[in-house]
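Please keep the sequence and the model in view while reading.

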Amino acid sequence: MWIQPVDGSVQAIAFSPDGRTLYTQDASRWFTAWDPATHEGRRLFQYPERSSNHFPRMFASPDGRYLVANTSPALVWNLETREVHAEVPPKFAYAGVSVGAGGGRVECVADDWLGVRTWDYVRQEAGDELRDWDVPDKIKTHHFAPGGRTVALLSWSDTVTICDVESRKAIQTIDAPKQALQHARFAPDGDTLVLYGSDGVTVWDVPSAAVRVAKIACDRPYWMLAFHPTAPVAAVRRTDGLLSLVSLRTGEEVRALDFDLGRYAACAGFSPDGLTCAVGGTDSRFAVFDVDV
């Protein structure tokens with residue numbers, strides 16, 4: 001296990017596509033690249049003081065050239081030049097951005113809550129605006145399945161609709177009016193859809209169109225949940241602040257990890273091969289550990 005002190009709490013964490021670099025973003029606004037083999041770090045860039053960062057997260061592009069940061073405004077950094085490649089226009093970062101299907105675009109729900117906007121951050125140009133969905137209400141959040149052929153749309157009435165992207169037609173509908181859902185997100189296998197509440201998640205089995213696990217208790221999963229890339233496992237934060245690895249098949253805890261990272265685990269991410277996991281904490285440090293699931 002590797003525990004690394006940093007300047008300020010670690011707010012976001014992500015591996016490069018080849019797994020050879022770990023990126024962290026800390027409370028001092030610095031993005032740092034770390035070598036998991038040598039444990040050496042080098043500061044890359046610091047997001048401007050004018051920017052806010054209420055929902056920290058970041059994504060590396062599939063080719064490893066860019067780092068997309070969900071600051072406000074959202075910024076795309078060129079990792080070679082260490083300069084800002086693009087500032088995502090506000091209409092494509094409404095209520096925050098996520099990296100979309102294929103990894104070469106950012107997406108957000110449109111400001112009228114009726115569609116999904118896309119923006120090619122490499123070319124810095126608008127992509128398709130996806131509208132006319134077969135959903136019962138305005139769209140709160142969205143998430144595309146791996147491959148981008150289907151999408152999960154959470155409406156403001158707490159109904160999740162899985163739609164075919166080409167036809168915009170509903171394939172499955174999940175009605176959860178008493179759960180106060182915050183998000184719905186596909187796991188990497190595409191057969192698992194996780195419904196986020198404030199104090200836990202529900203696991204939906206897409207092939208059988210049925211609930212697989214009624215509830216996995218955890219703390220604010222919209223802020224702190226990471227999927228294992230190959231195994232049916234997720235990293236979540238327990239109510240006591242500890243990091244926990246849980247099974248998305250049974251809902252049972254696989255491992256609990258009591259690292260000295262402060263009051264709670266703030267962020268986590270798995271390496272692309274799934275062999276290691278990095279977790280950032282509030283006490284100016286992060287940890288990288290071997291995953292045995």
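The model discussed here is predicted.

- Asn-78 lies in strand β8.
- Is Asn-78 buried or exposed? With a relative accessible area of 15%, Asn-78 is buried, because the term applies to values under 20%.
- Leaving aside residues up to four places away in sequence, Asn-78 touches Phe-45, Arg-65, Tyr-66, Glu-83 and His-85.

**The open sheet containing β8**

- Strands of a sheet pair through backbone hydrogen bonds, in either a parallel or an antiparallel manner.
- Four strands make up an open sheet, in the order β6-β7-β8-β9, and their pairing is antiparallel.
- Strands β6 (58-60) and β9 (83-87) are at the edges; each has a single partner strand, so one side of each lacks a neighbour in the sheet.
- From one strand to the next, the twist averages 25°.
- Strand β8, which covers residues 75-78, is joined to β9 by 4 bridges, and the two run antiparallel.
- Which residue of β9 is the bridge partner of Trp-77? The partner is Val-84.

- Strand β11 (residues 105-109) runs antiparallel to β12, and 5 bridges join the two.
- Val-109 has Val-116, in β12, as its bridge partner.
- The hairpin formed by β11 and β12 has 6 residues between the strands, and Trp-113 in the turn shows a positive phi of about 65°.

**Strand β12 and its pairing with β13**

- Why is strand β12 (residues 116-120) described as largely enclosed by the rest of the structure? The reason is that 4 of its 5 residues are buried.
- Strand β12 also pairs with β13 (residues 125-130) in the antiparallel sense, over 4 bridges.
- Within this pairing, the bridge partner of Trp-119 is Ala-126 in β13.
- The hairpin of β12 and β13 has 4 residues between its strands, and Gln-124 adopts a positive phi near 60° there.

Note on methods:
Residues numbered from 1 in each chain as written. Predicted model: local features only at pLDDT ≥ 70, side-chain atom pairs only at ≥ 80, totals over all residues. Heavy atoms only, no water. Pairing = 2+ DSSP bridges. Axes fitted to C-alpha atoms, helices over the stretch in contact; angles between N-to-C directions. Buried < 20%, exposed > 50% of the residue type's maximum accessible area, 1.4 Å probe, protein only. Contact = heavy atoms within 4.5 Å.
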